[in-house]
Amino acid sequence: MAEEAKRRSDGPEADAKRQKSDKGEVMSLEQVLAKRKEENKAPKMKFVSKNDREKHAQKEADKQKADQKKKAEEASKRRKDFLLQEEIERERERQREREERERERKRREEERQREREEREKERLKQREEKEGLMQTSSLAEMNLLKLPDQERRERQAEKELELIKRHYLGMKENKKKMQKPSEKFRNIFNFEWNADDDTMRGDNNPLYTKRLEPQLLFGRGYRAGIDVREQRKNNSFYEELIAKRAEYSGEDVSAFVQPSKEPLSFKQRDIEDKDINKTHWTEKPVDDMTTRDWRIFREDFQIFIRGGRVPVPMRVWSEGPLPWELLEAVNKVGYARPTPIQMQAIPIACQCRDLIAVAETGSGKTAAYVLPMLSYVKKLPKLDDTSAQDGPYAIILAPSRELVIQIEEEARKFAAFCDCRMVSVVGGRDAEAQAFTLRQGVEMCMATPGRLCDSLDKRHTVLNQCTYVVIDEALKAAGAES
Ligand SMILES: Nc1ncnc2c1ncn2[C@@H]1O[C@H](COP(=O)(O)OP(=O)(O)OP(=O)(O)O)[C@@H](O)[C@H]1O
């Protein structure tokens with residue numbers, strides 16, 4: 001553009017000169033002017049209809065699209081070629097590795113084969129040497145080395161035949177006798193004592209005239225360390241004692257003498273057992289219940305026990321250890337049968353044994369510990385003005401006020417029948433009234449741990465004679481305290 005502008009500004013003369021220098025010939029001024037006029041002539045305007053313009057635009061767009069498509073195809077082809085090339089390269093690499101591995105395997109195989117062959121050779125060599133040695137030694141053994149060949153072969157065959165016979169016909173070989181060390185040294189320490197030299201014979205010593213025998217009938221007449229059943233067969237300790245007693249005092253002792261039982265045979269015992277086991281526990285009186293029946297009973301009610309000498313459960317209230325007043329109370333309250341926890345826990349608790357009982361909610365745990373507690377308290381002397389100062393006989397601890405009140409309600413159902421007084425010591429109630437009742441004297445006290453400690457601190461009561469403690473929801477109660 002800058003060149004064009006310069007050319008125009010220079011004028012026709014400079015232009016003519018340039019033309020001349022360009023082509024090697026000089027143009028006339030007119031020619032230059034004509035040419036410039038020609039060049040400066042405005043381009044001829046041409047009318048293009050809208051349709052044509054649209055067609056043109058469409059053509060342009062198609063062209064562009066085709067170009068783009070072509071470019072995309074080319075790029076895709078290039079990419080495919082590239083990937084193909086890469087894949088080929090990779091395959092070549094893999095092939096190379098395979099060949100390498102194969103070569104390595106072959107080399108190792110050859111090496112192993114060589115080693116094997118060497119070992120085999122070595123073994124053969126050793127065997128040959130050994131056989132040679134053996135042959136020489138066996139020949140030497142038979143004194144055949146110096147013999148001529150024919151004779152040696154005959155002797156060797158004889159020897160072989162003898163060996164075969166010994167092996168297959170079981171001919172005995174005289175083994176060399178070995179002497180045991182104990183036999184060897186037996187005769188070394190041989191004390192030649194005279195029988196008269198034995199001082200233990202005690203011909204003269206009065207100590208040994210009567211040998212000491214263990215006191216068989218000491219205590220109950222059994223010797224320790226010897227089977228008791230065996231001893232019992234021969235022992236008449238009690239019979240002798242009873243006979244002596246009868247002789248001495250002239251008493252009738254027939255009641256003490258037990259008729260000896262003839263032991264039953266296993267078969268008889270089986271028959272008896274079967275007869276007893278035929279009846280179900282529901283049809284048996286309590287005295288006929290066997291250990292097996294009690295086991296079935298516990299299984300039926302899902303009672304699981306731990307501990308030693310656990311008393312049998314009560315099947316019905318009347319079979320239990322509760323006094324008649326409490327049985328009447330239970331009847332009045334309307335508890336027809338004991339629940340499983342009551343069946344097992346009441347007989348244990350009535351023996352005043354420590355007990356941990358676990359049962360689901362609403363299974364009658366409260367009655368299971370309240371009834372034995374009432375039974376225990378009932379047997380103790382009634383509290384008077386003096387003994388009331390030593391506090392209650394029994395306490396029940398529960399973690400919450402609501403539970404204590406619930407326990408009190410349950411206990412009151414039965415307490416009236418055995419004239420037992422009780423109080424619940426909980427928060428939210430008149431503390432003075434509770435202290436007053438405690439001082440008046442109560443056999444049973446239900447309390448939350450916190451409030452009971454409070455009462456003890458304030459000297460409302462003491463626990464000088466409390467020997468029966470129940471902790472309901474023990475885990476929670478412990479948690480509440482801590
Ligand atoms: N032998 C029984 N026969 C019929 N009802 C019973 C018997 N024993 C207890 N019950 C009743 O069963 C209900 C639940 O008893 P209880 O509150 O003692 O159960 P629980 O196991 O102590 O429950 P929780 O775990 O909530 O303290 C009470 O209403 C009680 O009167």
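# Group meeting: a predicted model with a Q motif

UniProt, in an unreviewed entry, lists residues 315-343 as "short sequence motif: Q motif". The record also gives residues 315-343 as "domain: DEAD-box RNA helicase Q", again in an unreviewed entry. UniProt positions are given in the numbering used here, feature names are shortened, and annotations may be inferred rather than shown by experiment.

Ground rules next. This is a predicted model, where local features need pLDDT of at least 70, side-chain atom pairs count only at pLDDT 80 or more, and totals for chains, interfaces and linings use all residues. Residues are numbered from 1 along each chain as its sequence is written, and side-chain values use heavy atoms, with hydrogens and water left out.

The overview. The protein chain has 17 helices and 4 strands. Those are DSSP runs, numbered from the N terminus: helices are H or I with at least four residues, strands are E with at least two. Of the 482 residues, 23% count as buried. Buried means under 20% relative accessible area, exposed means over 50%, and partly exposed is in between, with a 1.4 Å probe and protein chains only. The chain exposes about 39,000 Å², and carbon and sulfur atoms supply 52% of that. The areas come from the Shrake-Rupley method with a 1.4 Å probe; for residues, only the protein chains shown count as cover. Now contacts, meaning heavy atoms within 4.5 Å. Among those with a separation of 6 or more, 55% join residues 24 or more positions apart.

Back to the annotated span. Its end C-alpha atoms, for residues 315-343, lie 6 Å apart. The span is 48% helix and 0% strand.

Take Arg315. It sits in the loop between α10 and α11. Is Arg315 buried or exposed? Arg315 counts as buried, because its relative accessibility is 7%. Its side chain reaches two backbone oxygens: that of Trp281 at 2.7 Å, and that of Lys284 at 2.9 Å. Both are polar contacts, that is, pairs of N or O atoms within 3.5 Å; within protein, one must be able to donate a hydrogen and the other to accept it, and residues adjacent in sequence count only if both atoms are side-chain atoms. Leaving out residues up to four places away in sequence, Arg315 touches, among others, Met289, Trp294, Phe297, Arg337 and Met343.

Trp294 and Phe297 take us to α10, residues 291-300. There, Asp293, Trp294, Phe297 and Arg298 are buried. The general rule: an α-helix has 3.6 residues a turn, so residues three or four places apart point the same way. Part of the cover over the buried residues of α10 is α12, residues 340-350. After α10 comes Gln302, with a positive phi near 55°.

Next, the cores. A nonpolar core is a set of buried Ala, Val, Leu, Ile, Met, Phe, Trp, Tyr and Cys residues joined through side-chain atoms within 4.5 Å. The largest has 36 residues, and Leu371, Leu374, Ile396, Phe414 and Met444 have the most contacts inside it. Elements supplying at least two residues each include α11 (324-333), α13 (365-379), β1 (394-397) and α14 (401-415). Which helix gives the most? α13 does, with 8 residues. Beyond four places in sequence, Leu374 touches Leu326, Ala411, Phe414, Ala415, Cys418, Cys420 and Met444. A second, separate core has 10 residues, including Ile395, Val423, Cys445 and Cys466.

Now Arg401, in helix α14. Arg401 is partly exposed, at 39% relative accessible area. Leaving aside neighbours within four places, Arg401 is in contact with Val426, Gly427, Gly428 and Thr448. A polar atom of the Arg401 side chain lies 3.0 Å from the backbone oxygen of Gly427. Arg401 and Arg429 are 28 residues apart in sequence and 9.9 Å apart in space, C-alpha to C-alpha.

Last, two backbone points. Cys352 is not a glycine, yet its phi is positive, near 55°. Cys352 is in the loop between α12 and α13, and is partly exposed at 47%. Arg459 also has a positive phi, about 60°. Arg459 lies in the loop between α16 (449-457) and β4. Arg459 is exposed, with a relative accessible area of 65%.
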